[in-house]
Amino acid sequence: MEISKEDRMLLAGAEDKYMQCCQQYCITYTNFLDMRQRSLVEKALRESGAGWGDVRCEFYGGYGDAERTLAVFLPDYADVGECPLSVIRIKTPAGGRKLTHRDYLGSILGLGLKREVTGDILVTENGADIIVMEEVRDFILLNYSKAGRTSLLLEEVPLSELHIPEQKTVMIKDTVASLRLDNVAAAAFQLSRAKAGEAVRAGLVFVNSMQSEKPDMQIAEGSKLVMRGRGKAYLRTVGGRTRKDRIFIEIERYM
């Protein structure tokens, strides 16, 4: 995994938060990380060999399946739910054009905010719930009134009232020659094995939130796979073998 100047700054910032937690024995946290950034931080923490003592790290984005998460450093007395996240609920006019994730993200960035201060944007039928850092909550409430030509009504709601849209899934039954990542990803995302392998080597595939660039990585039952631009899937079942010695698998893909 190539480490750029921006990556080194990210890792240095995470290390500073860890050291601050150790020295001051208080909760510290990074800004929101995308899946690649989370993978970098998680890998660096695992390889550092540092003794954690009474400090632990959890990745948290406001709900269990969040794609954008904070790296939260916690003393033994603290809980990850104490992180200062806010939910801004947006409502759009009835009968108007339904806004997309891109519409909301583009208009928020148009306020001059950086992507790292906003978490997941959960689009609903008549608006969206946006998870944000508490420090930018008031600014957004005061200044965010339109997405394109669509007027918006905003309010803050408790994290416990977050609207998580129900996701549609489809079960895929297939057989693979082996449980290599490129084989399983090809079955999950309906690609040829060659195309799946290219996506893995390009750093577009994540296994259990960790970026993997090795097509021959072995995938275990229950693993979560994410491919940028294609979505996510879970390897739900690994079964027996066919007469041609291929392995039966069952995958749940989120649409």
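Biologist: Which backbone nitrogen does the side chain of Ser 212 reach?

Modeller: In this predicted model, the side chain of Ser 212 reaches the backbone nitrogen of Lys 214, at 3.5 Å. Ser 212 itself is found in the loop between strand 12 and strand 13, the latter made of residues 224–227.

Biologist: Is Ser 212 buried or exposed, and which residues is Ser 212 in contact with once its neighbours within four places in sequence are left aside?

Modeller: The general idea is to compare the relative accessible area with a cut-off, and buried means under 20%. Ser 212 has a relative accessibility of 7%, and therefore counts as buried. Leaving aside neighbours within four places in sequence, Ser 212 is in contact with Leu 181, Val 200, Val 205, Val 207 and Met 217.

Biologist: Which backbone nitrogen does the side chain of Ser 39 reach, and where is Ser 39 found?

Modeller: Ser 39 is found in helix 2, which covers residues 35–48, and its side chain reaches the backbone nitrogen of Gln 211 at 2.7 Å. The relative accessible area of Ser 39 is 0%, so this residue is buried.

Biologist: How should I read the packing of helix 5 and helix 6, and at what angle do their axes cross?

Modeller: Two packed helices are described by the angle between their axes together with the distance between those axes. Here the axes of helix 5, residues 181–189, and helix 6, residues 193–201, come within 8 Å and cross at roughly 110°. Because angles of 65 to 115 degrees count as roughly perpendicular, helix 5 and helix 6 are roughly perpendicular to each other. The crossing in which helix 5 passes helix 6 is right-handed.

Biologist: Which residues of helix 5 and helix 6 meet?

Modeller: From helix 5, Leu 181, Asp 182, Asn 183, Ala 185 and Ala 186 meet Arg 193, Ala 196, Gly 197 and Val 200 of helix 6. Sorted by class, the contact of helix 5 with helix 6 has five nonpolar, two polar and two charged residues. Leu 181 of helix 5 and Val 200 of helix 6, both part of this meeting, are also among the residues in contact with Ser 212.

Biologist: What is the phi of Tyr 25, and what is the phi of Asn 208?

Modeller: As background, most residues other than glycine have a negative phi. Tyr 25, however, has a phi near 55°, a positive value in a residue other than glycine, and Asn 208 has a positive phi near 50°. The place of Tyr 25 is in the loop between helix 1 (5–24) and strand 1 (28–29), whereas Asn 208 lies in the loop between strand 11 (205–207) and strand 12 (210–211). Tyr 25 is partly exposed, with a relative accessible area of 32%, and Asn 208 is partly exposed as well, at 42%.

Biologist: Which residues of helix 3 are buried, and what covers them?

Modeller: The buried residues of helix 3, which spans residues 101–109, are Tyr 104, Leu 105, Ser 107 and Ile 108. Their cover includes strand 4 (85–91), strand 5 (118–124), strand 6 (127–133) and strand 7 (146–147).

Biologist: Which residues does Val 136 touch, not counting those up to four places away in sequence?

Modeller: Val 136, found in helix 4 (residues 134–143), touches Leu 113 and Val 117 when those sequence neighbours are not counted. With a relative accessible area of 10%, Val 136 is buried. Val 136 and Val 80 are 56 residues apart in sequence and, C-alpha to C-alpha, 20 Å apart in space.

Technical notes. Residues numbered from 1 in each chain as written. Predicted model: local features only at pLDDT ≥ 70, side-chain atom pairs only at ≥ 80, totals over all residues. Heavy atoms only, no water. Axes fitted to C-alpha atoms, helices over the stretch in contact; angles between N-to-C directions. Helix = DSSP H or I, 4+ residues; strand = E, 2+ residues; numbered from the N terminus. Parallel < 35°, antiparallel > 145°, perpendicular 65-115°, else oblique. Left-handed = near helix turned anticlockwise from the far one by under 90°. Contact = heavy atoms within 4.5 Å. Nonpolar A, V, L, I, M, F, W, Y, C, P; charged D, E, K, R; others polar. Buried < 20%, exposed > 50% of the residue type's maximum accessible area, 1.4 Å probe, protein only. Polar contact = N/O pair within 3.5 Å; in protein donor to acceptor, adjacent residues only side chain to side chain.
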